[in-house]
Amino acid sequence: MKIWKHGPLDAAFVVLSLGQLGATLWLAGSWDGASPAARAGGFALLVAMMTYNIIIISHLFTHVAWFESRTLNRLASMLNSINIGQSAQAYELTHVRNHHRYNNDAAGPGGLTSDTSSTFRGGSGGDHIGLLRYAFGGALSTLGDVTCDLAKLFGIPVGRGREDRLHKLTSKSPDKRAREIGQLRLDRAAQLAALVVFAVISWRWTVACYLPAFYLALAMVNVQNYHEHYGAMPGNRFANSVSYYGRLYNLLTFNDGYHQEHHLQSGAHWRTMPRIRETYRAQLDGVERIVSPVPAIVGFLHRGRAQLHRRTATQAEAEASVVAAMIATEPELASEGIGHD
């Protein structure tokens with residue numbers, strides 16, 4: 001019987017996820033008798049684990065499920081939901097079906113974007129929104145969404161607009177849509193059960209450590225996403241994201257640094273990212289794009305980063321013509337659905 005959908009290396013994600021849950025329970029249980037230094041260290045560890053899970057583990061799971069078994073994938077989604085403090089299914093709907101459809105698009109009239117997580121959303125003059133507003137304001141918005149999600153379990157009629165938006169992102173197939181909506185409920189039930197367990201173990205830890213750590217982790221994730229697109233050229237499939245090719249980072253993060261490649265083929269398994277880079281090397285090298293010297297989480301250290309989105313319309317149109325010509329000579333680019341999961 002085949003267990004792993006894409007190979008046993010994905011077992012690392014299960015080990016890391018279970019390890020995170022165990023470490024979180026241990027932190028909750030040791031809080032009341034811990035020293036101030038131990039509490040500070042535990043807080044930092046919790047932020048790091050949640051941030052890593054959202055950026056790496058749950059992110060990759062939303063694109064490529066680990067198991068052949070639908071039941072095991074359901075359980076994995078519930079486990080991930082506990083570890084990231086939000087529904088992994090909701091994460092899949094908003095990230096895979098919105099972000100990877102519109103690819104951090106530029107703002108239209110009124111500063112609105114089709115990609116609800118676009119770094120241009122709310123910006124002015126065609127520029128990115130400010131980093132602090134994007135990171136911490138966005139984290140606050142996510143907290144509100146999570147609160148509404150959990151309130152629904154008690155029949156409290158809040159956040160109807162949020163639920164409508166999620167349901168619009170579900171599959172058009174009735175059977176798959178029903179499974180996705182059912183998974184939303186399972187994920188939220190797992191979240192709520194975990195919060196109850198945390199509070200029973202130590203309500204002080206839950207209030208003073210877990211909730212602030214969750215908010216800070218959300219902000220750190222937004223910092224990551226911001227620098228994965230900051231300065232890039234929206235609308236250009238070969239330059240709308242920022243990659244980082246450091247070997248150690250990509251070893252520890254399952255090739256997370258290959259972000260432009262990930263946008264080219266968002267449904268590809270993490271092991272194939274270097275191969276995708278080689279497949280499209282001519283197209284990637286044929287346009288001006290941003291390759292960062294540092295990982296996105298510390299993208300503010302990339303001083304003097306080019307601002308390709310500020311280029312004139314004439315330059316952008318000329319580059320778009322070059323890309324179109326490349327696609328015309330490489331028909332497999334269109335057939336593989338680049339930039340769309």
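Analyst: A loop residue and its surroundings

Glutamate 228 lies in the loop between H8 and helix H9, which covers residues 247-252 (helices are DSSP runs of H or I with at least four residues, and strands runs of E with at least two, numbered from the N terminus). The model is predicted, and local features need pLDDT of at least 70 and side-chain atom pairs pLDDT 80 or more, whereas totals for chains, interfaces and linings use all residues. Residues are numbered from 1 along each chain as its sequence is written, and side-chain values use heavy atoms, without hydrogens and water.

Is glutamate 228 buried or exposed? Its relative accessible area is 6%, so glutamate 228 is buried (under 20%; exposed is over 50%, partly exposed in between, with a 1.4 Å probe and protein chains only). Apart from neighbours within four places in sequence, glutamate 228 is in contact with Ser241, Val242, Asp256, His259 and Ala296 (contact means heavy atoms within 4.5 Å). Phenylalanine 67 stands 161 residues away from glutamate 228 along the chain, and the C-alpha atoms of the two are separated by 28 Å.

Serine 118 is found in the loop between H4 and H5. With a relative accessibility of 1%, serine 118 counts as buried. Its contacts, leaving aside neighbours within four places in sequence, are Asn104, Asp105, Thr113 and Tyr134. Alanine 151 is 33 residues from serine 118 in sequence, and their C-alpha atoms are 27 Å apart in space.

The aromatic rings come next. The structure holds 16 aromatic pairs (rings of Phe, Tyr and Trp, the last by its six-membered ring, with centres within 6.5 Å; planes under 30 degrees apart are stacked, over 60 edge-to-face, the rest tilted). In the pair of phenylalanine 13 and phenylalanine 254, the ring centres are 4.4 Å apart and the planes stand at 50°, so this pair is tilted. The pair links distant parts of the chain, 241 residues apart: phenylalanine 13 belongs to helix H1, and phenylalanine 254 to the loop between H9 and helix H10 (259-264). Phenylalanine 13 is buried at 1% relative accessibility, and phenylalanine 254 is buried at 12%. Both residues belong to one aromatic cluster, together with Trp4, Phe61, Trp66, Phe67 and Trp270.

Leucine 46, not counting residues up to four places away in sequence, touches Thr24, Leu27, Trp205, Cys209, Tyr210 and Ala213.
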